[in-house]
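User: I would like to learn how to read the packing and the charged pairs of a protein model, one feature at a time. Could you give me the general idea first and then the case at hand?

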Amino acid sequence: MTNKTRRLTESAMLIAVAIVLELVSKMFIPEFPFGGQLTLVSMLPVVLISYRHGVKWGLISALSYALLEMAIGTKTLIAAFQPDYFGEGVLLLNALVMCLLDYVVAFTALGLGGCFRNRFQKPGIALMAGSLVALSVRYLAHIASGYILFSGYAEWFFTQDGFPAWGASLVETLSPGMLGFVYSVVYNGMYMLPEMLLTAIVALFLGRMKRIVKKIS
């Protein structure tokens with residue numbers, strides 16, 4: 001098997017593992033009402049591609065993964081192009097922004113996972129740091145999307161029954177624009193921050209397995 005064939009085969013297998021982990025997660029972990037879900041470290045296999053084969057190939061593989069994520073989220077994407085999803089009428093630009101930020105940018109960013117592959121002597125530290133960078137960029141993409149598209153839900157979100165009292169305080173003290181930004185940070189952080197923590201822990205553990213974290217030029 002040539003290096004190119006091996007790289008293609010291995011990347012396809014790791015992307016498949018990522019999809020399986022996500023689908024299994026959907027069976028046991030409820031999705032958030034406005035999108036987003038904590039998974040069983042489903043991002044890590046894509047990050048691992050970048051660590052093993054470099055960022056350039058990692059970004060190409062992650063883009064392929066992003067397109068598969070769009071296929072999995074077809075129901076949501078179709079709904080986004082329908083009337084009244086973002087308000088009155090069909091807001092085509094909003095739907096396109098959602099596709100770009102929540103899918104293409106967010107999941108292609110996982111290809112940055114190998115950015116520290118040659119910076120740290122210990123593989124576990126390098127993989128963990130790379131995964132944190134990759135998932136942080138994904139988090140930022142979701143924050144931007146939430147701020148642009150769903151800021152109108154901020155006041156309702158922070159004042160709904162059962163929300164801590166500090167939510168109402170934010171509504172009273174922040175400007176509408178800042179409130180929308182904080183809303184997006186908080187909402188997306190509810191699933192992205194635990195995901196980042198779990199991924200970092202498992203990445204550190206995988207770093208002990210030399211065959212898994214072997215770098216291939």
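Analyst: What follows takes up the core, a helix, the charged pairs, a loop and the cysteines in turn. This is a predicted model, in which local features need pLDDT of at least 70 and side-chain atom pairs count only at pLDDT 80 or more, while totals for chains, interfaces and linings use all residues. Residues are numbered from 1 along each chain as its sequence is written, and side-chain values use heavy atoms, with hydrogens and water left out.

User: How many residues does the largest nonpolar core have, and which have the most contacts inside it?

Analyst: In soluble globular proteins, nonpolar side chains tend to be buried together. A nonpolar core is taken here as a set of buried Ala, Val, Leu, Ile, Met, Phe, Trp, Tyr and Cys residues joined through side-chain atoms within 4.5 Å, where buried means under 20% relative accessible area, exposed over 50%, and partly exposed in between, with a 1.4 Å probe and protein chains only. The largest such core has 51 residues, and those with the most contacts inside it are Tyr65, Phe107, Leu110, Leu127 and Leu135. Helices that each supply at least two residues of this core include helix 1 (3-28), helix 3 (55-72), helix 6 (123-150) and helix 9 (176-206); helices (H or I, at least four residues) are DSSP runs, numbered from the N terminus.

User: With which residues is Tyr65 in contact, leaving aside its neighbours within four places in sequence?

Analyst: Contact means heavy atoms within 4.5 Å, and on that basis Tyr65 is in contact with Ile15, Ala18, Ile19, Glu22, Ser42, Met43, Val46, Phe107 and Leu110.

User: Which residues of helix 1 are buried, and what covers them?

Analyst: An α-helix has 3.6 residues a turn, so residues three or four places apart point the same way. In helix 1, the buried residues are Glu10, Ser11, Leu14, Ile15, Ala18, Ile19, Glu22 and Ser25, and what covers them includes helix 2 and helix 3. The expected span of a helix is 1.5 Å times one less than its number of residues; the 26 residues of helix 1 should therefore span 38 Å, and its end C-alpha atoms are 38 Å apart, which agrees.

User: How many salt bridges are there?

Analyst: Side chains of opposite charge can pair when their charged atoms come close. With a salt bridge defined as a side-chain nitrogen of Lys or Arg within 4 Å of a carboxyl oxygen of Asp or Glu, the count comes to 3. In one of them Arg52 pairs with Glu10, the closest N and O atoms being 2.5 Å apart; because Arg52 lies in helix 2 and Glu10 in helix 1, the pair ties together parts that are 42 residues apart in sequence. Arg52 is buried at 6% relative accessible area, and Glu10, at 15%, also counts as buried.

User: Which residues do salt bridges with shared partners join into one network?

Analyst: The network consists of Glu22, Lys26 and Glu31. The closest N and O atoms are 3.9 Å apart between Glu22 and Lys26, and 3.3 Å apart between Glu31 and Lys26. Glu22 and Lys26 are 4 residues apart in helix 1, so about one helical turn separates them. Glu22 is buried at 8% relative accessibility, whereas Lys26 is partly exposed at 32% and Glu31 is partly exposed at 48%.

User: Where does Ser42 lie, and is Ser42 buried or exposed?

Analyst: Ser42 lies in the loop between helix 1 and helix 2 and is buried, with a relative accessible area of 0%. Not counting residues up to four places away in sequence, Ser42 touches Ala18, Leu21, Glu22, Tyr65 and Glu195. The side chain of Ser42 also makes a polar contact with the side chain of Thr39 at 2.8 Å; such a contact is a pair of N or O atoms within 3.5 Å, where within protein one must be able to donate a hydrogen and the other to accept it, and residues adjacent in sequence count only if both atoms are side-chain atoms.

User: What is phi of Val41 near?

Analyst: Most residues other than glycine have a negative phi, and most peptide bonds are trans. Phi of Val41 is near 45°, a positive value in a residue other than glycine. Val41 lies in the loop between helix 1 and helix 2 and is buried at 16% relative accessible area.

User: How many disulfides are there?

Analyst: With a disulfide taken as a pair of cysteine sulfur atoms within 2.5 Å, the count comes to 0. Cys99 is buried at 11% relative accessibility, whereas Cys115 is partly exposed at 29%.
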